[in-house]
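Hi,

Here's the structure I promised to pass on. Have a look at it first, then read my notes below.

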Amino acid sequence: MPDNHDPLFSITEQSVLVAGGVGGLGWPIAQELCRRGARVAIADIDEAKTLDYAQSLVDRGGRALGIALDIVASASCEAAVQQVIQKWGRIDGVVNASGIYRVGPALELADIDWERSIDINLTGVFRLARAAGGPMIRQNRGSIITITSVSSSVANRHYAAYAASKAGAAHVTRVLATEWAASGVRVNALGPAVTPTPLATQIFDDPIIRDAALAKIPMSRFGTPEDLLAAIIFLLAPGSRFVTGQILYVDGGRTIS
Ligand SMILES: NC(=O)c1ccc[n+]([C@@H]2O[C@H](COP(=O)([O-])OP(=O)(O)OC[C@H]3O[C@@H](n4cnc5c(N)ncnc54)[C@H](O)[C@@H]3O)[C@@H](O)[C@H]2O)c1
C-alpha cells in the first residue's frame, strides 16, 4: 500500500472506523483510507458485507477489519470502538457514513419515518461519537467526521425528517467540538450534495426530481464519492490539527445558491 509522504496529509498507521462502511459513500472512503496505509474498520449493519469487504482489502495487501454495527444501539457503538482498540491498540479516526433517507410531503410523513431518521441520522451520530470520544480523550488525540448533508443547511420541500436529522447532526458536531477541543479531539462534518448511491435512488429514478435537484447545483453536476476523499483525508490528517467544529460542504456550490 503506498503512503503519501507529505506529513500534512499522511494518515499512515491511523486506525479509522468507517461506519456505513459498505455504503455508496462509506466504501469508496474506506478503500482510499486503506490505500493510503490506514488501518480501516468497516462497520455496518450488514455484517456479512463488512466481513467480505474487509477481506477484499486484506487480499489487496491492506489492513482491515469487518465489524457489525447497529448505530441505534449504544452498546453496539461501544463494542465496535472496543474492537478497533483491541485489534490495533487505539482509535484515531471515525468517519460516520451511515444513514437513511426518508422523504415525503410533511402531511403524509409517517411517525416511523420521522423516528427512524432521527434515531439513525442524529442520535446515531451522537451515540457513535460518544463511544469513540472517551478513548480518544484518553489518547489526547482523535478526529471524528460525520457525513451530514447540504440538508444540514438548506430547506428542501418534503425533507422535514431528513433535514431535521442532518441539521441536528451538524449542531451536535459543533457542541462536541467545543467539549473535546482541549483534549485534542476534533469533531467535524462533511456535507455532500446529491450523489448517485443506493440511498439516492428515489432522486435518480424520477427524471423530474433529478433535473430539479441538478438545477440547484451551481457546478451543474451531481457529486461523486470521489469528490469527498480529499476532504476526508484532510480532516483526519495532521494538517487539519486546528480545524474543529466545522461543517465542510463539498457540494458544487449547492449551499450558496
Ligand atoms: N448519496 C447522497 O446523495 C448523499 C448526499 C448527502 C449526504 N449523504 C449522507 O451520506 C451518508 C451515506 O450515504 P450513502 O449515499 O452512502 O447511502 P447508502 O445507503 O449507500 O449507505 C448508507 C449505509 O448506512 C448503513 N446503515 C443504515 N442503517 C444503519 C444502522 N442502523 N447502523 C449501521 N449502519 C447503518 C447502510 O447499511 C448502508 O451501508 C448518509 O448519512 C447520507 O445521508 C448522502
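Before the sheet makes sense, you need one definition: two strands pair if DSSP finds at least two bridges between them. Helices (H or I, at least four residues) and strands (E, at least two) are DSSP runs, numbered from the N terminus. Also, this is a predicted model, where local features need pLDDT of at least 70 and side-chain atom pairs count only at pLDDT 80 or more, while totals for chains, interfaces and linings use all residues. Residues are numbered from 1 along each chain as its sequence is written, and side-chain values use heavy atoms, leaving out hydrogens and water.

Now the sheet. It is open, has 7 strands in the order E3-E2-E1-E4-E5-E6-E7, and the pairing is parallel. At the edges sit strand E3 (63-68) and strand E7 (247-250), each pairing on one side only. Strand E2 (residues 39-44) runs parallel to E3, and 6 bridges join them. Across that pair, Val40 stands opposite Ala64 in E3. Helix H3 (residues 74-88) packs on the sheet and touches strand E1 (15-19), E2 and E3; contact means heavy atoms within 4.5 Å.

Then there's Ala169, in helix H5 (residues 160-180). Is Ala169 buried or exposed? Ala169 is buried, because its relative accessible area is 1% (buried means under 20%, exposed over 50%, partly exposed in between, with a 1.4 Å probe and protein chains only). Beyond its neighbours within four places in sequence, Ala169 is in contact with Asn121, Leu122, Val125 and Thr148. Ala169 and Leu122 are 47 residues apart in sequence, yet 5.1 Å apart in space, C-alpha to C-alpha.

Cheers

How values were computed:
Axes fitted to C-alpha atoms, helices over the stretch in contact; angles between N-to-C directions.
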